Amino acid sequence: HCQPLPNTEFYSQYLLDQSKRLILGLSGITIILIDDSLLRTKLTSGLAAEFGKRVIHQTTAPEANAVICCGWDWWIENYFYLPTPQQIIIALFPIPSLTSPLIAARVDYFKRQRRDWFREMLLPEAIRLIIQAIAPTRKTSPRVAVLDGRLWARSWGEEVLQALEPFVPLTRLLPN
């Protein structure tokens, strides 16, 4: 419940530290999902400094205990080429960006109709992507760690948790 929000200045360090803790001692593939390319590059570099060649960026030829840092779309398009991961780390929720002209136009349309554009359009799209991203691993029950602090800080976090059910919450962030 004390996770920082992604727009804070120390979020990238938090993300690196918690990812290290989750990866440490875990055998098997770890997938880290993050669409922000700058933050993904920084995280990939930081993890590579700690774990070496084990850390790769959007590659479909991993070693048995690889850490793959990738975007949501890349993972959804390529998961069937990869072995089932041992864990998935959700670094940032896949909330569509308003910098996209199409998304901005759709948001403007919702605003003109005085509708809740976030809850009616952006949040359902993010939840759809989350469900799609973890669906191929549901049978093997890998660990899914959510490091995006908005899960607890925003009222819509409960909707995300409902989409992830069934799950067993962890009270402490430990490697196993």
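In E3, which residue is the bridge partner of Thr30?

Solution. The bridge partner of Thr30 in E3 is Val67. Before going on, keep in mind that this is a predicted model, where local features need pLDDT of at least 70, side-chain atom pairs count only at pLDDT 80 or more, and totals for chains, interfaces and linings use all residues. Residues are numbered from 1 along each chain as its sequence is written, and side-chain values use heavy atoms, with hydrogens and water left out.

**Exercise 1.** Work out how strand E3 pairs with other strands, and where its side chains go.

Solution. Step one is the labels: helices (H or I, at least four residues) and strands (E, at least two) are DSSP runs, numbered from the N terminus. Two strands pair if DSSP finds at least two bridges between them.

Step two: E1 (residues 30-33) runs parallel to E3, and four bridges join them. E2 (residues 55-57) also pairs with E3 in the parallel sense, over three bridges. Here Ile56 has Ile68 as its bridge partner in E3.

Step three: look at E3 itself, residues 67-70. Val67 and Cys69 point one way, Ile68 and Cys70 the other, and all are buried (under 20% relative accessible area; exposed is over 50%, partly exposed in between, with a 1.4 Å probe and protein chains only). In a regular strand the side chains alternate between the two faces of the sheet.

**Exercise 2.** Is Leu16 buried or exposed, and what does Leu16 touch?

Solution. Start with the place of Leu16, which is helix H1 (residues 11-23). Leu16 counts as buried because its relative accessibility is 14%. Next, the contacts (heavy atoms within 4.5 Å): leaving out residues up to four places away in sequence, Leu16 touches Leu43, Gly46 and Leu47.

Now follow Gly46, which lies in helix H2 (residues 37-51). Gly46 has 18% relative accessibility, so this glycine counts as buried.

**Exercise 3.** Find the largest nonpolar core and say which element supplies the largest share of this core.

Solution. A nonpolar core is a set of buried Ala, Val, Leu, Ile, Met, Phe, Trp, Tyr and Cys residues joined through side-chain atoms within 4.5 Å. The largest one has 34 residues, and those with the most contacts inside it are Ile31, Leu33, Ile68, Trp75, Phe93 and Val160. Elements that each supply at least two residues of this core include E1, E3, H4 (101-112), H5 (117-134) and H7 (157-164). H5 gives the largest share, nine residues.

Zoom in on Val160: not counting residues up to four places away in sequence, Val160 touches Phe93, Leu123, Ile127, Ile130 and Leu151.

**Exercise 4.** Describe how H5 packs with H4 and with H7.

Solution. Axes are lines fitted to C-alpha atoms, for helices over the stretch in contact, and angles run from 0 to 180 degrees between N-to-C directions. Angles under 35 degrees count as roughly parallel, over 145 as roughly antiparallel, 65 to 115 as roughly perpendicular and the rest as oblique.

H4 and H5 pack at about 155 degrees, with axes 9 Å apart. The two helices H4 and H5 are therefore roughly antiparallel. Residues making the contact include Ile103 and Phe110 of H4 and Trp117 and Leu122 of H5.

For H5 and H7 the angle is about 30 degrees and the axes are 10 Å apart. That makes H5 roughly parallel to H7. Among the contact residues are Leu123, Ile127 and Ile130 of H5 and Val160 of H7.
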